[in-house]
Structure formats: C-alpha cells, structure tokens
Amino acid sequence: MITTRKLTISAMVVALYIVVLYLTQSVSFGAYQIRIATSLYALAYAFPFLVIPMGIGNLISNFLFGGLGILDMVGGFGVGILTTGIIVGMRKLGLSAWWAILPIIFVPALCVPLWLSPLLGLPYWPLVLNLIVGQTIPAVLGSVLVKALISRPSVAALVGAFK
C-alpha cells in the first residue's frame, strides 16, 4: 500500500539522487563513472519501496545530464531497479547491509556496457573493468550510509515501520 510517508521519502530520495548526480556529473559520466549518486541505491536495504524510485531517479538523471538518448535512459532505469531489487532480496535473506556493495558494483558494471559499448564504439570488457573501479567508491559509501542510518534509533524505528 502506498502511503504519504513512502511517497514523501521516495520523492526526497529521487530529488537527492538528481542533485547529487548534478553536483558530481564531472566524474559520473567519465571513463570510470564514479557515480556517487548510486550510493543511494543502498537505501533500498532500509526502505524496500525505493526500488522503482531509484530507477526513476536514474532515468531522469540520464535524461537531464547523460546525453546518450533513450537507450541510456531506459537502461539506467532498468539498472536502478535491478540493483535495488537485489539489495532488497539480500535484506530478505538476512544478509548484512555490507552485502549491498556487491550489486552496486557489479550490476551497473556488467549491464551499462551492454549499451555503452555499441553507443560509444568501445569494447565491452574494458568498460566493465572501468565501471567496477568507478562503482567501488559509491558502493562502499552506500553501505556505510545505510549502516550509519539504521544505527540511529529514530531511523531504525522508521525502517521498522516499513518491514
């Protein structure tokens, strides 16, 4: 069931994703794509309803700042949903929030080159390696963020309300 609280949190996270990407776009679209905004994917561990909003945040950001067209927008939407969906699944399996590091690194690294390679005329595997390097920083930041948030009593109570 959609509640006002879920919609508010979703809108705030989508807006935050877009603002963070805007502020870090100089490194978010480069060879290594250190996309700090993807650290917010880890929030799906605490707030499972953020799966679709994270995809929307990625879609809007790629539209506003990406410049590679509809394929990049739709692909980013799918990567956002897939990554956060895996993170939610990890939570349901009882895995620690530290495990969110893996999908934040490997889902974009393996999927984004599927369309970037033909669009940019670059080989797939070098793009994968570059994205693995670039996504490591956001992945660690995202897990640290979630661990810090859920250790706060007020946030832990809010997270408990959405189980």
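This is a predicted model: local features need pLDDT of at least 70, side-chain atom pairs count only at pLDDT 80 or more; totals for chains, interfaces and linings use all residues.
Two residues are said to be in contact when heavy atoms of theirs lie within 4.5 Å.

Several residues of H4 are buried, namely Val51, Pro53, Met54, Gly55, Gly57, Asn58, Ser61 and Asn62. These buried residues pack against two helices, H1 (4-23) and H5. Just after H4 comes Gly67, with a positive phi of about 75 degrees.

Helix H5, made up of residues 70-92, has a further partner in helix H6 (residues 101-120). Two packed helices are described by the angle between their axes and the distance between the axes. For H5 and H6, the axes come within 9 Å and cross at roughly 160 degrees. Angles over 145 degrees count as roughly antiparallel, and H5 and H6 are therefore roughly antiparallel to each other. Their crossing is right-handed. The residues in this contact divide into 15 nonpolar, 3 polar and 1 charged. On the H5 side they include Gly75, Gly76, Val79 and Ile86, and on the H6 side Cys111, Trp115 and Leu119.

Thr83 counts as buried because its relative accessibility is 0%, where buried means under 20%. Leaving aside residues up to four places away in sequence, Thr83 touches Tyr41, Pro103, Ile104, Val107 and Pro108.

Methods. Residues are numbered from 1 along each chain as its sequence is written. Side-chain values use heavy atoms; hydrogens and water are left out. Helices (H or I, at least four residues) and strands (E, at least two) are DSSP runs, numbered from the N terminus. Buried means under 20% relative accessible area, exposed over 50%, partly exposed in between (1.4 Å probe, protein chains only). Axes are lines fitted to C-alpha atoms, for helices over the stretch in contact, and angles run from 0 to 180 degrees between N-to-C directions. Angles under 35 degrees count as roughly parallel, over 145 as roughly antiparallel, 65 to 115 as roughly perpendicular and the rest as oblique. A crossing is left-handed if the near helix is turned anticlockwise from the far one by less than a right angle, and right-handed if clockwise. Ala, Val, Leu, Ile, Met, Phe, Trp, Tyr, Cys and Pro count as nonpolar, Asp, Glu, Lys and Arg as charged, and the others, Gly among them, as polar.
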